[in-house]
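Let's take a friendly look at one model together. Please have the sequence and the 3D view open as you read.

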Amino acid sequence: MIHPAQNKAQRGCVGLIAACAAALAACDSRECAAPQMPTGEPPAWAPAPPVAPISFFENACANCHGPHGMFYGEGFAALPDDSALTHAVREMVIGPARTTLDEASTAALVAYHRHLARSEREPFVVITRIDGSAVEGEVSPGARVVVVADGLEFEARVDGHAWTARLDSAPVATLVVRSARQDDGSCAIELDARAAAWTHRGPE
């Protein structure tokens, strides 16, 4: 014999199950889909130059100025101001190099010439690609590169003047590239990927 209280509880469970089934049957799949977590906007990194400046220099300028500028002329390095340097680089791209460059690639090449003209020779660094967890770029020879992504440091692999870093995860909110001389760590320089894609930028 079923106790009245037990019978009442069973009827309540049956009613609850029936109500849930009816609710599920009436639920539209679009309304009942699991909520999507907001992913947020990806970081707006500074645009990379379409033509990598050190590679361009080695292919088009090194015949006269030497590998990585070892024959860099004192007169060329001692131009009176930044506009004169930019003009000279443009002329050399059109003249001896016999080619043309877009504005961003020209600006990056001018920045590399600024590096060559400075006696302290802190490393020149450029970011050429940020694609998911891969970060790539160029650096002047004899330097190490460390990528700091969301506060975590990743040592980049440097091969000649090209460097590559692999991050643990992507996307990241902050990305900073640090470089210094390999021998003693001197002449360190830092590059925030949100502000610029290369170092040694001239007056804005």
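What follows covers an aromatic cluster and then a sheet.

This is a predicted model, in which local features need pLDDT of at least 70, side-chain atom pairs count only at pLDDT 80 or more, and totals for chains, interfaces and linings use all residues. Residues are numbered from 1 along each chain as its sequence is written, and side-chain values use heavy atoms, with hydrogens and water left out.

**Aromatic cluster**

Phe-57, Tyr-112 and Phe-124 come together in one aromatic cluster. Rings of Phe, Tyr and Trp (its six-membered ring) pair if their centres lie within 6.5 Å; planes under 30 degrees apart count as stacked, over 60 as edge-to-face and the rest as tilted. The count is 2 aromatic pairs. One of them joins Phe-57 and Tyr-112 edge-to-face, at 5.4 Å centre to centre with 80 degrees between the planes. These two residues are 55 residues apart, in helices H3 and H7 respectively. Helices (H or I, at least four residues) and strands (E, at least two) are DSSP runs, numbered from the N terminus. Phe-57 is buried at 0% relative accessibility, and Tyr-112 is buried too, at 1%; buried means under 20% relative accessible area (1.4 Å probe, protein chains only).

**The sheet**

Four strands form an open antiparallel sheet in the order E4-E3-E7-E8. Its edge strands, each pairing on one side only, are listed here.

| Edge strand | Residues |
|---|---|
| E4 | 152-155 |
| E8 | 189-192 |

Two strands pair if DSSP finds at least two bridges between them; E3 (residues 143-149) and E7 (residues 175-181) share 7 bridges. Val-146 has Arg-178 in E7 as its bridge partner.

Conventions:
Buried < 20%, exposed > 50% of the residue type's maximum accessible area, 1.4 Å probe, protein only.
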